[in-house]
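Let's take a look at this one together. Have the sequence and the 3D view ready, then read on.

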Amino acid sequence: MSNTHGMTPTNSTIFGGSLRIQGKKKALTNHSRATWQPRHRWRAFNAKLFTISTFLATLSAVAALIYLLHSIAGQGLERVSWTFMTSFPSRFAAKAGIKAALWGSAYLTLLTAAIAVPIGVGAAVYLEEFAADSKLRRLVDINIANLAGVPSIVYGMLGLMLFVRLCNFGRSLIAGAATMSLLILPIIIVSAREALKTVPMGIRHAAFGLGATKWQTVRAHVLPAALPGILSGIILSLSRAVGETAPLLMIGALSYMAFVPESPLDAFTVLPIQIFNWSTRPQDEFHVAAAAGIIVLLALLLTVNALAILLRMRYQRKAQW
Amino acid sequence: MKIAHIEEAFVKKALLLCAALSVIVTVGIVIVLLEETIDFFRVVSLGEFFGSTTWAPMFEPRQFGIWPLVGGTFLITLGAGLIGIPGGLGIGMYLNEFAPASLRAVIKPLLEILAGIPTVVYGYFAVTVITPALQRVLPDTEVFNAASAAIVVGIMVLPMVASLCDDALRAVPRAVKEAGYALGATKCEVAIQVTLPAALSGIIASFILALSRAFGETMAVTLAAGSTPRLTLNPLQSVQTLTSYIVQVSTGDTPQGSIEYKSIFAVGMLVLVVTLLFNMLAYVLVKRFRSVYE
């Protein structure tokens, strides 16, 4: 009976086999025809259709990525040059460059890292290594999960009220960095905790057994072991900060700036804001400049992300305890 | 010995402070928004905010009916969901059930790149590529339109849905699937009728997170959808979302302390409340999902 339905070999052996074991081949076949129809051809067709449609979904995502990169490269690649990177923005699209934005982004990222990394890693260490499994820890857990989902523009509003107004930093680099720190803090905490979790308990027990205190254990053994994982989380979170626009618009980063910020209290602009500004202009020449800015931004981000991936790979290889 | 203990106590306090900061940030966000929101509602009544259907904060007579902004936001969120949710689920299922390991190893990093592209870049892509393409197909399309924003936000949430679905499907124990195969089901039937239902809460959580992300998305929407507060279902028209209103006011020359300036905090509060509700729901679902198999 098996081949009349065009079964796949696997199925035919399964069903044919089970029927033969019963020993009442004919009777059972008639019975099962009435209640259960394998419809193999139809099922195989459906399976193929479904597989192909999920494949197409995947393909279209990849195609979207390639198309996006391709069209931006097509619009802006010619415009990318050393002059573009070392010129200040200008009213004339052809002369406009990203010097202020590039330096602004670099300073902002460094300052953000200086604020967010110690706090984020500290919080992760506390939650993983010191906190007893208590109500507080659960509260912080839920809180961090929620913070990670708060839209970035809301952080901008918090930064505006807290740092620009209350702390009186003004619309400065330090206000931007503090705002960005709040934004990436949940990301750093979550990834650092994951990294700490992968360090085997045995390492801690060995240190405790030798009489080390908790902090000594963490500082000398757990943190170094978790470092690659923590670093890759930090890099990814900073790359998120580099690409973020909305909160900095909120706190009032400038869109036209003809100088490089020299102190944390100076005004600033960053690459995404420069891109945003050029994108909102109607003239095509500014769109070309925006595309060129995007190319620089994406090149930066891809390099940084590749670094994180390399670290993670190294980490995975090393983490086989 | 004593120094070590003092250091220990000090470090523990310092680390606790770091952890507490995350709670302080949440409290800070709520206080800041609440304070300004209450200020706003001293002037504009709740009845007007939720009762009127005209949003005209800049011109006399001012009107603060939130529905056009909410409508614009939901139009784009739903559109993005229509693209990102089935697409993302499809990718997740393909990666988890059908893709050969070598292909998976290529596609996963590509999706990460897609996820890492800044939102302002998506906005630029919408304005310079998607909108002109839409205008070629549908000449009625306005320069700024909801459809273009929805498409681009849909692409943006695609990798997020895909990777969360992939994780959820992956967590389904192999034995559950093997049971399906043993009953004679095809690979595809197991994927749809066994694995998918088993991972359902995690998958739905990923849908909710995607909608929440689309709801709070700012830059792409600001660039692509324009700034016309309008209650419409026509995706080819320009709309304004809650978030793009906030950007419009904060980048404009609205004086601080004026009522339209305060209005952005009321709008921000609404964004926060809605996304928090979404996120809590997803969190609860994922927790439930975990307790099943671990």
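Start with Ala192(A): it counts as buried, because 28 C-beta neighbours sit inside 10 Å. (Buried means that 20 or more other C-beta atoms lie within 10 Å of a residue's own, exposed means 12 or fewer, and partly exposed is in between; the C-beta atoms are placed from the backbone.) You'll find Ala192(A) in helix 8 of chain A. Helices here are DSSP runs of H or I, at least four residues each, numbered from the N terminus.

Before going further, a word on the source: this is a predicted model, where local features need pLDDT of at least 70, side-chain atom pairs count only at pLDDT 80 or more, and totals for chains, interfaces and linings use all residues. Residues are numbered from 1 along each chain as its sequence is written, and chains are lettered from A and ligands numbered from 1 in the order in which they are written.

Setting aside neighbours within four places in sequence, Ala192(A) is in contact with residues including Gly120(A) and Ile230(A). Contact means that the C-beta atoms of two residues, placed from the backbone, lie within 7 Å.

Now for Asn168(A), in the loop between helix 7 (152-166) and helix 8 (173-197) of chain A. Its phi is near 60 degrees, a positive value in a residue other than glycine.

| Residue | Other C-beta atoms within 10 Å | Class |
|---|---|---|
| Asn168(A) | 9 C-beta atoms | exposed |

Finally, the two chains meet: 71 residues from chain B and 74 residues from chain A take part in the contact. On the chain B side, helix 1 (residues 2-43) gives the largest share, 19 residues.

Methods: Helices (H or I, at least four residues) and strands (E, at least two) are DSSP runs, numbered from the N terminus.
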